[in-house]
Amino acid sequence: MDYTFHWRPVWKRLPELIEAGLLTMEVAVLAMLLGIVLGMMLAFIRMSGRRELTWFATTWIETARNTPALLQLFFFGFGLGAFGVHLSPYVIVLCALSFNNAGYLAETFRGGFQAVPDTQVRAARSLGMTWGQTYSRIIIPQVLKIVYHPMTNQMVWSVLMSSLGMLVGFRELSGETQFAASQTFRVFEFFAITAVIYYVIVKLILGGSFLIHWKFFRKGEG
Amino acid sequence: MIEINNVSKSFGSLEVLKGIDLKVEKGEVLSVIGASGSGKSTLLYCINALEPIQGGEIRVDGIDVHGAKTDVNKLRRHIGMVFQQWNSFPHMTTLENVALAPRIVLGKTKAEAREIAARQLDHVGLGDKLDTYPTNMSGGQQQRLAIARALAMEPDYMLFDEVTSALDPELVGEVLDTLKMLSEEGMTMILVTHEIPFARDVSDRVAFFRQGVIEEIGPPSQVIGDPTSEHTKQFLSNVR
């Protein structure tokens, strides 16, 4: 092997990389929160059985799940750009990730809703609770518990997929790494360290996820 | 008073209630017996508007249950219901299960709601289970929890839909004892049940449902003790 490793340029840029890593986390978490809200709405629309609305939800879900995430990202970047809608790289990535998360989560949620017996709705309504109270107090908490682990997977996926952002000029962790590597030509070294940073981010998220689960969902386990 | 006038109800082309007329006075205990599919449970669901009806009307204290302007959420505060599947809320403790509706439906304070819940749970013999999660309790205990949860709304009427049918045989007694206690306290109740001796013991009247109509209704000594209809006789001899 005639390649000599030079790590010094990487250490010099480490603060920038860590900062970019925080940006990655930020956009991924925001896209996850938006994905949960939108995915819940899509799941409700789909379950409503109203045809004038379900086609919209179905199209969204099918597109998000059955086309490459990269193309979804390009749609929000170059696709909308062709129609004169120019978004910042940050917003492009946020929109694409949220779109994708919502599509996957909608199906996860739908499965979760089906796993909660209908009779829970009847029991709550028979106590005089409104539809909104029934869902917010009784049904959704149970659904979230059922789908918690698939949701954690989606969160991890959201972090990793945000790396595509560099292709629309977003300087998150991968974009920043690419930029630094192109200036110093230490491509392998930079991406090796970046891989470690991604690994740490994912482990942090899994740790956070474990704590949230412990705080909210450990109760009532048989 | 619950007044049921010529009520009909269908699921698609299947007619499950065919012109039911029935009055239940305040303080009365009515048991409804009959084969599966005779429409007994459906009638309970119609009384608190969990199911729509296709004809006739149901009035509870004069309020038209299925009227377009009726606020069903408000109406249901007066009508407690307990189901065959007890439907405890698994993500809440026993106390929270019971305290939730008084707080968010009746607008009681948290402290008031907890006090009501603790009292009702004590009432059904679960005073030592306040912080237990339902998944750690037996079916009979969960069913008594469901009864306490309904009672916490201080309803004027209680509807019981085959509340012992899904229980292991050795747990039936504790739930029947709770029902008996309520009847002795003067609660107005409609009980759909397969427990014929129990129905005979606690009811003021018994109605025998057959294929969506009331075949026979009267005091238990008559309907169960000395039925006039051949169908009633047949049913009773089959379940005994």
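Predicted model: local features only at pLDDT ≥ 70, side-chain atom pairs only at ≥ 80, totals over all residues.
So, confidence in chain A: the lowest is in H8(A), with a mean pLDDT of 90, and the highest is in helix H4 (residues 89–115) of chain A, at 96. pLDDT here is the predictor's confidence in each residue, from 0 to 100. On bookkeeping, residues are numbered from 1 along each chain as its sequence is written, while chains are lettered from A and ligands numbered from 1 in the order in which they are written.

Chain A as a whole has a mean pLDDT of 92, with 98% of its residues at 70 or more. Chain B averages 93, and there 100% of the residues score at least 70. For the model, ipTM is 0.91 and pTM is 0.86.

Okay, chain A. What does its secondary structure come to? You get 9 helices and 0 strands; by that I mean DSSP runs numbered from the N terminus, helices being H or I with at least four residues and strands being E with at least two. The C-alpha trace of chain A spans about 75 × 45 × 30 Å along its principal axes. Of its 222 residues, 36% count as buried. The burial rule counts other C-beta atoms within 10 Å of a residue's own, with C-beta atoms placed from the backbone: 20 or more is buried, 12 or fewer is exposed, and in between is partly exposed.

Now contacts, meaning two residues whose C-beta atoms, placed from the backbone, lie within 7 Å. Among contacts in chain A between residues at least 6 apart in sequence, 76% join residues at least 24 apart.

From the record: UniProt, in an unreviewed entry, lists "domain: ABC transmembrane type-1" at residues 21–206 of chain A. Those positions are in the numbering used here, feature names are shortened, and annotations may be inferred rather than shown by experiment. That span is 84% helix and 0% strand, and its end C-alpha atoms lie 16 Å apart.

Let's zoom in on helix H3 (residues 69–82) of chain A, which is where A:Leu73 sits. Is A:Leu73 buried or exposed? A:Leu73 is buried, because 25 other C-beta atoms lie within 10 Å. Setting aside neighbours within four places in sequence, its contacts are A:Ile92, A:Val93, A:Ala96, A:Leu164, A:Leu167 and A:Val168. With A:Ala96, which is 23 residues away along the chain, the C-alpha separation is 5.0 Å. A:Phe75 is in helix H3 of chain A too, but A:Phe75 counts as partly exposed because it has 18 C-beta neighbours inside 10 Å.

Next, H9 of chain A, residues 187–216. Its 30 residues should span 44 Å at 1.5 Å a residue, and the end C-alpha atoms are 43 Å apart, so that agrees. The expected span, by the way, is 1.5 Å times one less than the number of residues. Buried in H9(A) are A:Phe190, A:Thr194, A:Tyr198 and A:Ile201. An α-helix has 3.6 residues a turn, so residues three or four places apart point the same way. The buried residues of H9(A) pack against helix H1 (8–48), helix H7 (148–161) and helix H8 (173–184) of chain A.

On to the interface. How many residues of chain A are in contact with chain B? There are 19, and they meet 21 residues of chain B. Helix H5 (118–126) and helix H6 (131–146) of chain A each supply at least two residues of that side of chain A. By class, this side has 5 nonpolar, 9 polar and 5 charged residues; nonpolar covers Ala, Val, Leu, Ile, Met, Phe, Trp, Tyr, Cys and Pro, charged covers Asp, Glu, Lys and Arg, and the others, Gly among them, are polar.

H5(A) has A:Arg122, A:Ala123, A:Ala124, A:Arg125 and A:Ser126 as its buried residues. Their cover includes H6 of chain A, plus helix H2 (72–76) and strand S6 (79–82) of chain B. After H5(A) comes A:Gly128, with a positive phi near 90 degrees.

Last up, chain B, with 9 helices and 10 strands. Its radius of gyration is 18 Å, close to the 18 Å that the globule rule gives for 240 residues, so chain B is as compact as a globular protein of that length. That radius is taken over C-alpha atoms, and the rule is 2.2 Å times the number of residues to the power 0.38. In chain B, 48% of the 240 residues count as buried.
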